[in-house]
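Here's a quick briefing to keep open beside the model.

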Amino acid sequence: MSTDTIYALSSAPGKAGVSVVRVSGPGAFDSFKTLSRKAEFEPRRALFVTLTDPESQTLIDRALAIAFLAPSSFTGENVVEYQLHGSPAVLSSLLTALSRFSGHRLAEPGEYTRRAFENGKLDLTEAEAVADLINAETEMQKRQALSQMGGALSSLYEGWRERMIRVMAYVEAVIDFPDEDIPDGQIKTMLPEIESLRADIVHHLDDGRRGERLRGGIHVAILGAPNAGKSSLINLLAQRDIAIVSAMAGTTRDVVEAHLDIAGYPVVIADTAGLRDIADPSEGHGSVETEGIRRALARAEQADIRVLLFDGTQPPDSATLALAGESSLLVCNKADRDGFSVHADAIALSTKTGQNLDALLRALEDRIKSSYARARETPSLTRARHRAALEESLACLEAAGDADLPELMAEEMRMAARAIGRITGRVDVEDLLDVIFRDFCIGK
């Protein structure tokens, strides 16, 4: 347990009606008693207190304070939360006063949540979910974070780990007690359980990276020929000018992104360079345009959904048509112009007037929901490190099922269980902690 007492602003910085400063550690109650001049207080009960700087004897603020007695707090330590007027001057006065107390220091990013993990209040998947909830910008991100923070993933993984340990214990019993006359073939009775575990993990991994997409955003690429209206479309969707719109073909040379909320799902939509079969060197910038096309095609390859945008006043261009597939939505732009015609299965749209924008949004929503809102029996994994550990565990299970000797089977089962344990923080995670918590905000 740490001997330092940490403090930090736990609410957003800047002016506010109320701001929260959290103090956690063995000296939290001592500094509270000095600042508030209250020798006695009842934990978990809000108190109206007058806070005074003990050095200058000047008034800091009149505030609410709530004390939490270890281990019944977020960090598992003694904690005091001060709810003050959200003035920079007030906050500065309190933080300065706290800095003068022995053993008190400013918290590092994520240190409160890290202490909660180290004191057994959270496992690593739940700690990661705290950061996800803070960063959630859409309804679906919020739901996923709350589910994970409530232990949905950790319960699943710990259940698998316990099953692996039972198999390992049975095999080791056969190894350690040969005098019990357990038939060698008896170990093979563990094979169905190993296969069941393997099947469960394979099913969990086969989620189309749904959880990871909900965390980072579903990638949508707008693709089409020069002057089809791609930049106008991304500006219309974003409801602001983020891409330059010009009548000159080839204005967009690099990928331009906008972050949207579509039906509660986070979407990263990208405007790309116009597609041509061959970059025209006569324009004087053939190599630059060629690189833009290469990046556009790379983004098309990575995209979860492709919006193929055609100029409805022109015949369909072959470079864009070549990208059509199951993940594509076809859209014909310039429905407000004479000579407009809709290609088969395409949505008619005018980026100039906004005509049929609602139809495009509904089509995107339907495509997103069909891919990412499928009901699943288990929660989706949310991070690449989870996936890597599960794949490692899966490889060990497959090796255990093929093992010729009980010693080899037991070792592979032990390694499979350890890989799962690293996800929740049961084993071998000290080297991961700095990486996991460094991206947290200070105060959480």
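How many disulfides does the structure hold? The structure holds zero, a disulfide being a pair of cysteine sulfur atoms within 2.5 Å. Heads up: this is a predicted model, where local features need pLDDT of at least 70, side-chain atom pairs count only at pLDDT 80 or more, and totals for chains, interfaces and linings use all residues. Residues are numbered from 1 along each chain as its sequence is written, and side-chain values use heavy atoms, with hydrogens and water left out.

**Cysteines**
- Cysteine 332 has a relative accessible area of 0%, so it's buried (under 20% relative accessible area, 1.4 Å probe, protein chains only).
- Cysteine 396 counts as buried too, at 10% relative accessibility.

**Largest pocket**
- The largest pocket holds about 590 Å³ of space.
- Its lining has 31 residues, with Ala131, Asp132, Asn135, Gln141 and Arg215 nearest the centre.
- A pocket here is an open set of points on a 1 Å grid over the protein atoms alone where a 1.4 Å probe fits, with protein on both sides within 12 Å along at least five of seven lines; lining residues have an atom within 4 Å of a point.
- α4 is the top contributor to that lining, giving five residues; helices are DSSP runs (H or I, at least four residues), numbered from the N terminus.

**Tyrosine 157**
- Tyrosine 157 sits in helix α6, residues 152–176, and is buried at 0% relative accessible area.
- Beyond neighbours within four places in sequence, its contacts include Thr125, His204 and Leu381 (heavy atoms within 4.5 Å).
- Threonine 125 is 32 residues from tyrosine 157 in sequence, and their C-alphas are 9.8 Å apart.

Technical notes:
Helix = DSSP H or I, 4+ residues; strand = E, 2+ residues; numbered from the N terminus. Buried < 20%, exposed > 50% of the residue type's maximum accessible area, 1.4 Å probe, protein only. Points joined across faces, edges and corners; volume = space filled by probe spheres on them.
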